[in-house]
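Dear colleague,

I am passing on the structure we spoke about, with some notes on how its parts pack together. Please look through it before reading on.

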Amino acid sequence: MTFQAIAFDLDGTLVDNAGGVALALNTALHEADLPCFDLQRVRGWIGDGPDALIERALRAIDLQDVDTAWLSMRVRRNFDAMVLGLPFAECSIYAGVEKLLEQLGRKNVPLAVITNTPTVLARAVLEEAGLLGYFTTVRGADTAALRMPSPLLIAQAARVLGTRPEHMLMIGDSASARQAACAAGCRAAWAGWGYGLLGSGQGGTVWRLDTPADLLVRMALPQTRRHGRPAA
């Protein structure tokens, strides 16, 4: 397997923002006079974007005779205001990630971030974490049509990096990131240090990376050597 560029998901892959997400969600729920949830439960709901997170939270609440569509919009509005105000709150870089990015930079591997987080928030998180400079492009889901498992963000990133999706590797912890990679025709790798589970029946098609350093081990194998840099 060969590839020319690497794309990373954000939450659950580069940074652990579960504490910040839980804070934002519980603040939004509280402002809507709804019950809150503990960190571990919220952590289990993260991975497929804010809409899916809020939908899972509202399903866990016994709501009777309530316009859930209107309520979901209200909670999402409050949630967005909270995370945009404090993009790196309760957030930390996963161990080994920065070292991996440094080594990939030395190898001149073009890097991208592809995330269901809105672009402005994704860039703010990366900047506050000191990671933004490692990436050529950051592609966030600014509309519903762009959200993974749609392959559109991967196609956009490939164009910016001067390559094609089939010559890219997509690394993420969520099922939606792996589905987007499959739909785009690029190789998928599971970030085993993140929030999501790999799931059964995917071992043959998805690389399992238990730590960030495992990627360098994979890249050193003869069948995973990388082609030269794509054209600028």
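Which residues does Leu104 touch, leaving aside those up to four places away in sequence? In this predicted model, Leu104 touches Ile6, Phe8, Val109, Leu111, Leu215, Leu216 and Met219. Leu104 also belongs to the largest nonpolar core, which has 58 residues, and together with Ile6, Phe8 and Leu215 it is among those that touch the most other members. Helix α1 (residues 18–31) gives the most to this core, with seven residues. Another core, of 23 residues, lies apart from it and includes Ile114, Met148, Met168 and Ala188.

The axes of helix α5 (residues 97–106) and helix α9 (residues 213–220) come within 9 Å and cross at roughly 30°; because angles under 35 degrees count as roughly parallel, α5 is described as roughly parallel to α9. On the α5 side the contact is made by Leu100, Gln103 and Leu104, and on the α9 side by Leu215, Leu216 and Met219, which by class gives five nonpolar residues, one polar and no charged ones.

Helix α7 (residues 152–161) is worth a separate look. Its residues Leu153, Ile154, Ala157, Ala158 and Leu161 are buried, and since they cover an arc of only 140° around the axis, they lie on the same side of α7. These buried residues pack against the strands β1 (5–8), β4 (111–115), β5 (137–140) and β6 (168–172), and against helix α8 (175–184). Just after α7, Gly162 takes a positive phi of about 75°.

With best wishes

Key: Residues numbered from 1 in each chain as written. Predicted model: local features only at pLDDT ≥ 70, side-chain atom pairs only at ≥ 80, totals over all residues. Heavy atoms only, no water. Axes fitted to C-alpha atoms, helices over the stretch in contact; angles between N-to-C directions. Helix = DSSP H or I, 4+ residues; strand = E, 2+ residues; numbered from the N terminus. Parallel < 35°, antiparallel > 145°, perpendicular 65-115°, else oblique. Contact = heavy atoms within 4.5 Å. Nonpolar A, V, L, I, M, F, W, Y, C, P; charged D, E, K, R; others polar. Buried < 20%, exposed > 50% of the residue type's maximum accessible area, 1.4 Å probe, protein only. Arc of directions from axis to C-beta. Core = buried A, V, L, I, M, F, W, Y, C linked by side-chain atoms within 4.5 Å.
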